[in-house]
Amino acid sequence: MACLPGTRTAILERIEGWIDDQDTANRVFWLSGPAGSGKTAVMATIESRRRADTVMGTFYFSRANAERNKRVIPVVARQLALWGHECLKRFFVAAIAQHKDLATDHLSWQFEHLIADPMKKMVPGSPPVLIIIDALDECEDKAFVRTLLKLIRSLDDVPTTVKFLITSREEEYIDREMSATSRPKVEHRTLRDNESKATENQDIEAFLTKRLREVKEGDGTETWPGPSAVARLVRLADGLFQWASTAVTYITDGDATSRLSDILDSHTPLDGLDNMYGFIFRQAAAAQSKARPHLLRDVLGAVTVARKPLTPEELSYLLSDTQTSRTVTADQIQGEVLRHLQSILVISTTAKTPKRQQPVLFIHASVSDYLTETCEDTRFNIDKRVHNTEMAYRCLRRMSHDLRRNICDIRNPGSPNRQVKDLQKRLTFLPAGLAYGCIAWGAHLAGSAEDAGEGVTVMVKDSALGEVERSQERNVRKVFDELCRLAKVHLLHWMELLSLLSQTTEIATILRLADIWVSEHGLDESDTVSTLLNDGIHFVTDFHDIASKSAGQISHSALPFSPETSVLRRTYEPMVQDTIHVVRGGLQQWSQCRGVSARHDGGVSCLVISPDGKTVVSGTYDGAIRLLDRKTGAMQYEVVEGHTSEVSCLAISPDGKTVASGSDDNTVRLWDLGTGKAR
């Protein structure tokens, strides 16, 4: 939603002046501000105003969609290609034709070929290019954010008309990258500091007056709710547009007069976002069905920790318990929970798609912040650690119940996936939520091991906290039992489905996360489960080509070629009746490869392992240095500036704190192993 005409004029004029100033050295404009201050509305207004004369690419980060956040560069590039002039379009088409895997490549590779190279080829007189990146702080991968900002701020040899407009809260790690003196200066404005309190209140008053008058438009009460009521709402908003927007949505989603009175006559203070959110959640809790008193908290917990926005159908699938026959339908979730939270949820609706199939997410990141950090009401306080454990259990439980061989009933299951012409249609017949569970259970296991958060330990009484810990112990046992069942019965079925979903590259990462979780909890049978998980990592690594191209061949062809002595083969071979019989030529033992880590676009020139064995540091021919987690292969961070030529050698100090790098650019540089910053 854009700003109302006549509001936020000072900051809008400042940004537009910066866009039009072709002589400024500040290629980046950073607009920061607290949660709810209206940063996104300012971005939407700029986007609307400049669309006619500016080539634009816009990306709105969302904490609720971590997968989409990683596609920021391809999404922006596609918009630039669609809205740009013909010359720019040709550059993008050529880049994609030359590098067909760009959509899934590493961030620096994407940025170079989809942003930097096309911009460098722009001819004089080309229209200005504006790339808007909103809510950057909602990307929870801090290493990704740091790398993205380094790439943006290191961009050179492109026209001064190419600019980046970025918004975020003032997080320390973002501020550090924006303030780095080794790169061009950033123009920084803080939204609430840019305008006086009086101007801020006038803008909120204009917004409230217009939106609330629309409620009674045409019934003879166009002056409703009157200047006195609006003034009281303005005082409660305290300069936060998100508070005003939430209040308007709540008031208009029912009997407007009654709901306005609920806010103005509340016995508890409703100033500030936290108080407003608490008020709305209490209203929703009071409306809960006595037959399902925990449904509100279950839904809120699932929405908070989900790795992507879930639909009511997916929530129904995951929250229903097949063992106790306790089911909850999508209609019950819609009618008993979501209907009472319309003012703080975004539920996209289209004429063709019913509500039960539309993703549900919070309207603003501050809602989940309230639930996980400052909420004192145990009816809807969300402990991420506990709810990640519960979600991991639900994913694993449903997988154990529904996974089977050839789950899509493909007539010739040994066919390559690409030759199954109706594969996408067959996948739509899977239970809603099964695909999510198969992809996300490892991430939920990892989230279950994270600290509960300061808000929970401060706000929850000792007795309640003790019960949380006891409940967590019981949930851990349930998760482990389901993980045992997956490892011993359904591991290959799970791999088959991920192959059909084109997610084979995620298998090894998920199994590593599971193995870490098992080793941290040390329950009975941990050794057996850990062995099966590690065999699974070896299996998908050694037979990756087969697994990624044909789901049916995982059991039919890959399993018979695996080592006869492996626990995985001894476990699963008796379950599979129609495999080929290998006389000779199978693997005698697993290869020593533990999987493929983050892609190195410039080629690996050297590497070294830290003294504690936990980190691998690699150097590349294009001068970059990357730190990788040895167990998971995940990149911890990347240094993309410093050396201008091949990194020829690396060394780590005995205390494991400093990396020394030598380069063909005739320099030796020292780096902090923990942060990647130059010493």
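Reader: Which residue of β14 is the bridge partner of S661?

Author: Strands of a sheet pair through backbone hydrogen bonds, either parallel or antiparallel. Here the bridge partner of S661 in β14 is R669, and that of G662 is V668. Two strands are said to pair if DSSP finds at least two bridges between them; β13 and β14 (residues 668–672) are joined by five bridges and run antiparallel. This is a predicted model, in which local features need pLDDT of at least 70, side-chain atom pairs count only at pLDDT 80 or more, and totals for chains, interfaces and linings use all residues. Residues are numbered from 1 along each chain as its sequence is written, and side-chain values use heavy atoms, with hydrogens and water left out.

Reader: How many residues lie between β13 and β14 in their hairpin?

Author: Four residues lie between them, and N666 in the turn has a positive phi of about 70°. Strands are DSSP runs (E, at least two residues), as helices are (H or I, at least four), each numbered from the N terminus. β13 (residues 658–663) also runs antiparallel to β12 (residues 647–652), again through five bridges, and A651 stands opposite A660 of β13. β12 and β13 form a hairpin with five residues between them, where G656 in the turn has a positive phi of about 70°.

Reader: What is the strand order of the sheet that contains β12, β13 and β14?

Author: The order is β12-β13-β14, in an open sheet of three strands with antiparallel pairing. β12 and β14 are the edge strands, each pairing on one side only. From one strand to the next, the twist averages 25°; axes are lines fitted to C-alpha atoms, for helices over the stretch in contact, and angles run from 0 to 180 degrees between N-to-C directions.

Reader: Where is parallel pairing found?

Author: Parallel pairing is found in an open sheet of five strands, ordered β2-β3-β4-β1-β5. β2 (55–60) and β5 (186–190) stand at the edges with a single partner strand each, so one side of each has no neighbour in the sheet. The twist averages 15° from one strand to the next. Within this sheet, β1 (residues 28–32) and β4 (residues 162–168) pair in the parallel sense over five bridges, and S32 has S168 of β4 as its bridge partner.

Reader: Which helix packs on that sheet, and which strands are touched?

Author: Contact means heavy atoms within 4.5 Å. Helix α2 (residues 39–50) touches β1, β2, β3 (129–134) and β4, and the direction of α2 makes about 160° with that of β2.

Reader: How is the crossing of α1 and α2 described?

Author: The axes of α1 (residues 9–20) and α2 come within 11 Å and cross at roughly 50°. That makes α1 oblique to α2, since angles under 35 degrees count as roughly parallel, over 145 as roughly antiparallel, 65 to 115 as roughly perpendicular and the rest as oblique. The contact is made by I11, L12, I15, E16, I19 and D20 of α1 and by V42, M43, T45, I46, R49 and R50 of α2. These residues divide into seven nonpolar, one polar and four charged; Ala, Val, Leu, Ile, Met, Phe, Trp, Tyr, Cys and Pro count as nonpolar, Asp, Glu, Lys and Arg as charged, and the others, Gly among them, as polar.

Reader: How many helices and strands does the chain have?

Author: The chain has 28 helices and 14 strands. Along its principal axes, the C-alpha trace spans about 90 × 70 × 55 Å.
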